[in-house]
Amino acid sequence: MEKEQKKADRITLFDIDKLSRKYMKDNEEEVTNNNQRMLKTISIIYFVVIICYNIIVPIFFNEWGVNYIYQIALIVHIVVLAVILLRYRKTTRSSREVQIVSAAFQLYVMTFLVIVSVVPFDNGQPAVYFAPIAMGFAVVFIYSFKTAVILGIIESACLILTTVIFK
């Protein structure tokens, strides 16, 4: 009898996903506004970090070796930042659009981290920033449980695959 009660009290991954989808549906406007606000904020922070890295590192930390990847990232992110700020400056977009753009932005930033981790090819530096940023993204944007897990698996698989191939 006690075993059956414990089994009935257990929450499964399916239950967690169902609850997260219910929360997102019940609070659709709040979730959309939060994701839209975070998308703008993180995009600006990422821009400042890339600018600082391109300016400060060559002056004070020559051995870190800022290479062409960071300049390419800066140019690409200027375009991404402009699109995000223009598209999401005042009006609230559809929930579906904001979810897709948030996930695409997360994958975009993680792709840059993967590239930085494996280029230049002779650099043996591990991707020390990858895991904390991936975990940060998991809680910054509001995704359903299933979407968060899928994004995490894609990001981790890309990091592992490129690390194995190029190092």
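Predicted model: local features only at pLDDT ≥ 70, side-chain atom pairs only at ≥ 80, totals over all residues.
I started from the pairing rule: rings of Phe, Tyr and Trp (its six-membered ring) pair if their centres lie within 6.5 Å.

**Aromatics**

With that rule I get four aromatic pairs. I looked at Tyr46 and Phe112, which sit edge-to-face, with 6.1 Å centre to centre and 75° between the planes. This pair links distant parts of the chain: Tyr46 belongs to helix H3 (residues 28-60) and Phe112 to helix H5 (residues 95-118), 66 residues apart. I checked burial too, and both Tyr46 and Phe112 are buried.

Then I asked which residues make up the aromatic cluster. I found Tyr46, Phe105, Tyr108 and Phe112 in one cluster.

**Helix packing**

I moved on to H5 and helix H7 (residues 145-166), whose axes come within 10 Å and cross at roughly 20°. Angles under 35 degrees count as roughly parallel, so H5 is roughly parallel to H7. The crossing of H5 past H7 is right-handed.

I listed who makes the contact. H5 puts in Ala103, Gln106, Leu107, Met110, Val114, Ser117 and Val118. From H7 I have Leu151, Ile154, Glu155, Cys158, Leu159, Thr162, Thr163 and Phe166.

How do the contact residues of H5 with H7 divide into nonpolar, polar and charged? My tally for that contact reads ten nonpolar, four polar and one charged.

Conventions: Residues numbered from 1 in each chain as written. Heavy atoms only, no water. Phe/Tyr/Trp six-rings, centres within 6.5 Å; stacked < 30°, edge-to-face > 60°. Helix = DSSP H or I, 4+ residues; strand = E, 2+ residues; numbered from the N terminus. Buried < 20%, exposed > 50% of the residue type's maximum accessible area, 1.4 Å probe, protein only. Axes fitted to C-alpha atoms, helices over the stretch in contact; angles between N-to-C directions. Parallel < 35°, antiparallel > 145°, perpendicular 65-115°, else oblique. Left-handed = near helix turned anticlockwise from the far one by under 90°. Contact = heavy atoms within 4.5 Å. Nonpolar A, V, L, I, M, F, W, Y, C, P; charged D, E, K, R; others polar.
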